[in-house]
Amino acid sequence: MGAGHSHAPPDGGHRGRLAVAFGITATIVVAQVVGAVLTGSLALLVDTAHLLVDAGGLGLALFAAHVALRPPTARRTWGYRRAEALAALAQAAVLLAVGVFVLVEAVRRLQEPPEIPGGELVVFGVIGLVGNVAALAVLASRRTANLNLRAAFLEVLNDALGSLAVIVAAVIITTTGWQYADTVAALVIGALIVPRAVRLLRETGAVLLESTPAGLDLDEVRTHLLRVDHVREIHDVHASLIATGLPQLSAHVVVDTGCFQDGHAGRILDELQDCVAEHFGVEHTTFQVEPYTHPDHEHPTHA
């Protein structure tokens, strides 16, 4: 027995925002490729590589936002709602790889810093920063809507901070001639990338492993359900997050045997669903209402 709910997510303008951010980021990539070739800057080269990965990530996020709207089928009963988690996981993994590469290459460059033209570097750093700020403005208002948009926002934010680091390095080189500033800026960019990538990997991994949603205490859920009249036992409780904003919970609920004779079982089901929705915000629930003698016949893995 379960509640009937739509699995299709509202678009909320997500695709349009992602498309604009993707267009801006792709344009910045082209500009910074030219800048990296002309200046030979490691910081700009790393920031360009980061941007290129992010442009691919935004394209992947845009694709995921599109397929997530496809309706459920008999083969895929949740539709493609988890496409957002897969896209975010792929982006985080690539970001982590880029961050590690940045750190390794920057350490190598510290031994032999090349000559970097600070003036030209400032120009391309400003171009990158302006473009990234524009992309951030597009994504900012909806950045918490789902994992996909959050990943995209974090990528663009990292890009903006990377561009800022490039500008600072360029100013230092121009004013003091200290060429190590470029390599230090690359290290800063790498340090910005790695922890955010790890955090996003952990969050998306929790979704794909069907971990209990953060903030949902199953012991507390059991306590609330046991307060419903005629409920004698709760077991085989499972909860997971299908996608952002779509938690689901299932449980076996043992009730007095007489509830199946007087027709009270249906009312108990309504009370169970209302209880979980009201106290825990979980609207997609599946409860198996059982007579008191039924657990004796269940598989031993049901606990």
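Helices here are DSSP runs of H or I with at least four residues, and strands are runs of E with at least two, both numbered from the N terminus. On that basis the chain has eight helices and three strands. The model is a predicted one.

Start with the order of elements. Along the sequence the pattern reads α-α-α-α-α-α-α-β-β-α-β. The chain has 303 residues, and 45% of them are buried. Among contacts with a separation of 6 or more, 76% join residues 24 or more positions apart. The chain exposes about 14200 Å². Carbon and sulfur atoms supply 62% of that area.

Is glutamine 32 buried or exposed? Its relative accessibility is 0%, so glutamine 32 counts as buried, the limit being under 20%. Which residues does glutamine 32 touch, leaving aside those up to four places away in sequence? They are Leu44, Asp47, Thr48, Leu51, Phe124, Gly128 and Ser163. Of these, Leu44, Asp47, Thr48 and Leu51 fall within the span of helix H2, residues 42–67.

Leucine 60 also sits in helix H2. Its setting is partly exposed, because its relative accessibility is 33%, between the cut-offs of 20% and 50%. Beyond residues up to four places away in sequence, leucine 60 touches Ala87 and Ala90. Phenylalanine 22 is 38 residues from leucine 60 along the chain. The C-alpha atoms of these two are separated by 9.8 Å.

How do the strands pair? Strands of a sheet pair through backbone hydrogen bonds, either parallel or antiparallel. E1 and E2 take the antiparallel sense, over nine bridges. One example is serine 240, whose bridge partner in E2 is glutamine 248. The hairpin of E1 and E2 has two residues between the strands. In this hairpin, glycine 245 takes a positive phi near 80°.

Valine 254 has glutamate 290 in E3 as its bridge partner. Leucine 249 has threonine 285, also in E3. What does the chain pass through between E2 and E3? It crosses through helix H8, residues 265–280. This β-α-β crossover is right-handed.

Last, the cysteines. Cysteine 259 is buried, because its relative accessible area of 2% is under 20%. Cysteine 275 is buried as well, with a relative accessible area of 9%. Its position falls within helix H8. How many disulfides does the model contain? With a disulfide taken as a pair of cysteine sulfur atoms within 2.5 Å, the count comes to zero.

Technical notes. Residues are numbered from 1 along each chain as its sequence is written. This is a predicted model: local features need pLDDT of at least 70, side-chain atom pairs count only at pLDDT 80 or more; totals for chains, interfaces and linings use all residues. Side-chain values use heavy atoms; hydrogens and water are left out. Buried means under 20% relative accessible area, exposed over 50%, partly exposed in between (1.4 Å probe, protein chains only). Contact means heavy atoms within 4.5 Å. Accessible areas come from the Shrake-Rupley method with a 1.4 Å probe; for residues, only the protein chains shown count as cover. Two strands pair if DSSP finds at least two bridges between them. A crossover is right-handed if, with the strands pointing away from the viewer, the path from the first strand over the helix to the second runs clockwise.
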